[in-house]
Amino acid sequence: MHQIGEKTKAGPAFLVTGATGLIGSSVVRQALKGGGPCCFILPVRNRDKAAKIYGDLEGPDCRKLHFVETQLETISPEQFPMPIDYVVHCACVTQPADMAAYPVETADSIVVGTKNVLEVARKKQVKSMVYLSSMEVYGRVEDTGGLVKENQLGALDLKAPRSSYSMGKRMAEHYCYIYHHEYKVPVKVARLAQTFGKGVRPGDSRVYMQFARAAYEGKDIVLKTTGDSMGNYCAIDDAIEGIFTILYKGGDGEAYNVVHEANTMRIRNMAELVAGRLTGGKSRVRIEAGGPDKNSYAPDTGLRLSGEKLRGLGWAPRKNLEEMYRDMIGELGRIT
């Protein structure tokens with residue numbers, strides 16, 4: 001892997017934060033598949049860990065990666081001596097237990113980190129930037145029987161430690177808007193539904209991997225909530241295409257839901273789908289709500305997101321939930 005500042009063939013330079021995570025690494029790998037001259041500037045906390053994650057790359061692809069060892073809380077334009085054309089800001093806390101246990105650190109990493117990345121984009125005069133937000137910014141939205149569009153935000157609980165994530169994401173979105181308003185930074189926001197499928201690591205603690213592991217092992221699926229909360233989902237492949245669509249075609253200062261509407265269902269129904277279709281009847285769904293980790297879960301919601309705005313840019317998701325789970329379970333089989 002090259003060090004920052006080394007020259008590659010002419011082509012666009014992408015700065016991708018969170019490049020050791022699921023979404024960030026998928027963004028990089030998807031862009032590499034497109035071929036052509038380009039390079040990737042990857043701010044990482046640990047260069048050795050990052051090199052291992054991309055250790056399967058060879059030849060020209062390997063030479064396109066430039067790691068910068070830094071932290072988002074202290075990142076600055078001076079750390080990047082080369083031009084930057086595009087920014088995809090993926091880095092964020094992802095584990096719900098950490099959001100509840102370390103709310104101050106969670107909020108700081110989201111808000112301060114995003115402001116710093118926006119400052120890099122401003123000073124480097126990038127062509128476009130996408131900030132990856134979350135459907136959790138919506139909070140509690142009144143159920144009107146219709147799909148929720150990007151301008152219909154609801155209430156958030158200021159006194160819940162777990163709100164450090166959703167409030168942080170909402171404030172980071174506001175920073176994106178005001179950087180566009182005051183400094184004309186060409187930034188867009190991608191509000192991701194829960195995104196999974198290929199590439200999810202076996203040790204991931206989120207509910208979809210818990211369901212996939214149970215299906216793979218033929219064990220019961222145990223819900224730690226009543227499962228009444230509505231889930232909005234999108235396959236990783238589809239989400240990455242959505243992110244690039246927003247990067248190249250989205251409106252500056254605008255937010256877009258990245259969701260496959262046909263995959264929206266309650267968590268309990270998703271568990272039943274996995275148990276019924278993917279285990280051959282070996283698993284059943286059990287509810288054990290109210291345990292000691294209950295505060296790490298987001299509040300129940302009936303939120304059903306609209307993907308109309310992003311589809312208007314020409315994006316069309318393809319994979320359904322069953323295909324997403326088959327991707328994960330298939331990878332579990334190869335890894336174990």
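User: Is Cys92 buried, partly exposed or exposed?
Analyst: Let's look at the number in this predicted model. Cys92 has a relative accessible area of 25%. Buried means under 20% and exposed means over 50%, so Cys92 falls in between and is partly exposed.

User: Which cysteine sulfur is nearest to that of Cys92, and how many disulfides does the structure hold?
Analyst: A disulfide is a covalent bond between the sulfur atoms of two cysteines. Here a pair counts when the sulfur atoms are within 2.5 Å. The nearest cysteine sulfur to Cys92 is that of Cys90, 10 Å away, and Cys92 is in no disulfide. The count of disulfides in the structure is zero.

User: What about Cys234: is this residue buried or exposed?
Analyst: The closest cysteine sulfur to that of Cys234 is in Cys90, at 14 Å, which is too far for a bond. Its relative accessibility is 0%. Since buried means under 20%, Cys234 counts as buried.

User: How far does helix H5 reach from its first C-alpha to its last?
Analyst: Helix H5 covers residues 103-124, 22 residues in total. At 1.5 Å a residue, 32 Å is expected. The model comes close to that, with a reach of 31 Å.

User: Which helix gives the largest share of the lining of the second largest pocket?
Analyst: This pocket has a volume of about 430 Å³, and 15 residues line it. Helices H1 (22-33) and H8 (236-249) each give two or more of them. The largest share, six residues, comes from H1.

Definitions and conventions:
Residues are numbered from 1 along each chain as its sequence is written. This is a predicted model: local features need pLDDT of at least 70, side-chain atom pairs count only at pLDDT 80 or more; totals for chains, interfaces and linings use all residues. Side-chain values use heavy atoms; hydrogens and water are left out. On a 1 Å grid over the protein atoms alone, a cavity is a set of points where a 1.4 Å probe fits but cannot get out, and a pocket is an open set with protein on both sides within 12 Å along at least five of seven lines; lining residues have an atom within 4 Å of a point. Grid points are joined across faces, edges and corners, and a volume is the space filled by probe spheres set on the points. Helices (H or I, at least four residues) and strands (E, at least two) are DSSP runs, numbered from the N terminus. The expected span of a helix is 1.5 Å times one less than its number of residues. Buried means under 20% relative accessible area, exposed over 50%, partly exposed in between (1.4 Å probe, protein chains only).
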